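Dear colleague,

I am passing a structure on to you below, together with some notes on what came out of going through it. Please keep the structure open beside this message while you read.

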Amino acid sequence: MIKEKRCKESFVVKTSIVQPPDTNNYGTLFGGKLMAYIDDTAAIAAMRHARKAVVTASTDSVDFLHPIYEGNSVCLEAYCTYTGRTSMEIFVKVIAENLLSGERNVCAISFLTMVAIDEDGRPAEVPQVIPESDEEKSLYATAKDRAENRKNRRKDSEERAKKYGSKYPWQ
């Protein structure tokens with residue numbers, strides 16, 4: 001296995017045009033559709049980094065910063081910013097472009113944690129990541145704080161799941 005890889009080796013760009021079936025009654029891209037694009041793009045970046053199958057372990061909050069309108073292009077850029085032993089943090093930036101005016105807006109930013117898996121479906125080791133650009137170094141330097149926040153959020157979710165349980169609500 002390769003011990004280290006540069007961030008840019010996992011870089012992915014996905015661009016689509018927003019069509020009418022992709023939009024809500026306000027003419028903007030469905031949030032769930034964008035979230036699916038984010039997960040798909042992150043998975044490709046993670047697989048490029050690990051050269052293994054991956055599963056999504058966590059998606060940090062997705063804040064919709066600007067609407068994406070019907071007829072806009074939506075461009076997602078993603079790459080691996082940090083690695084653990086078997087996990088990878090993937091940064092995804094979403095940019096909408098009005099193709100007639102050329103106006104571009106960052107519409108969402110998200111971090112996902114992807115875990116590489118082996119042929120038996122067990123977590124598999126991944127190469128460490130090497131940041132080179134200022135952006136990559138900045139994201140790498142703050143990754144441990146995000147990982148700690150994820151760990152705390154997961155613990156809170158597990159406690160709530162235990163507290164509220166899986167019984168049918170009418171029982």
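R150 counts as buried, because its relative accessibility is 11% and the cut-off for buried is under 20%. Please bear in mind, here and in everything that follows, that this is a predicted model. R150 is found in helix α3, and if its neighbours within four places in sequence are left aside, R150 is in contact with S58, D60, E89, F111 and T113.

Which element gives the largest share of its lining? That is α3, which provides 7 residues, while β3, β4, β5 and α3 (143-164) each supply at least two. By residue type, the lining of the largest pocket divides into 5 nonpolar, 7 polar and 5 charged residues.

Taken along the principal axes, the C-alpha atoms fill a box of roughly 55 × 45 × 30 Å. Of the contacts in the chain with a separation of 6 or more, 73% are between residues 24 or more positions apart.

Five of the strands form an open sheet in the order β2-β4-β5-β6-β3, with antiparallel pairing. The edge strands of this sheet are β2 (12-17) and β3 (53-59), each of which pairs on one side only, and the twist from one strand to the next averages 30°. In general, strands of a sheet pair through backbone hydrogen bonds, either parallel or antiparallel.

The pairings can be followed across the sheet one at a time. β2 and β4 run antiparallel and are joined by 6 bridges, and S16 has V74 in β4 as its bridge partner. β4 and β5 also run antiparallel, with 10 bridges between them, and they form a hairpin with 3 residues between the two strands. Across this pairing, C80 stands opposite I90 in β5. Strand β5 (residues 87-97) is in turn joined by 11 bridges to strand β6 (residues 104-117), again antiparallel, and I90 has L112 as its bridge partner in β6. How many residues of β4 are buried? The count is 11 of its 11 residues, and β4 is thus described as mostly covered.

N72 lies in the loop between β3 and β4 (73-83), and N72 counts as buried because its relative accessibility is 9%. Apart from neighbours within four places in sequence, N72 is in contact with S16, I17, V18, A96, E97, N98 and L99. The other residue, C107, lies in strand β6 and counts as buried because its relative accessibility is 1%. Not counting residues up to four places away in sequence, C107 touches D63, F64, L65, H66, P67, I68, V94 and A96. The C-alpha atoms of C107 and V62 are separated by 9.9 Å, although these residues are 45 residues apart along the chain.

Finally, is R51 buried or exposed? With a relative accessibility of 63%, R51 counts as exposed, because the cut-off for exposed is over 50%. R51 lies in the loop between α1 (31-50) and β3, and R51 has a positive phi of about 55° although it is not a glycine. For background, most residues other than glycine have a negative phi.

With best wishes

Technical notes:
Residues numbered from 1 in each chain as written. Predicted model: local features only at pLDDT ≥ 70, side-chain atom pairs only at ≥ 80, totals over all residues. Heavy atoms only, no water. Pairing = 2+ DSSP bridges. Helix = DSSP H or I, 4+ residues; strand = E, 2+ residues; numbered from the N terminus. Axes fitted to C-alpha atoms, helices over the stretch in contact; angles between N-to-C directions. Buried < 20%, exposed > 50% of the residue type's maximum accessible area, 1.4 Å probe, protein only. Contact = heavy atoms within 4.5 Å. Nonpolar A, V, L, I, M, F, W, Y, C, P; charged D, E, K, R; others polar.
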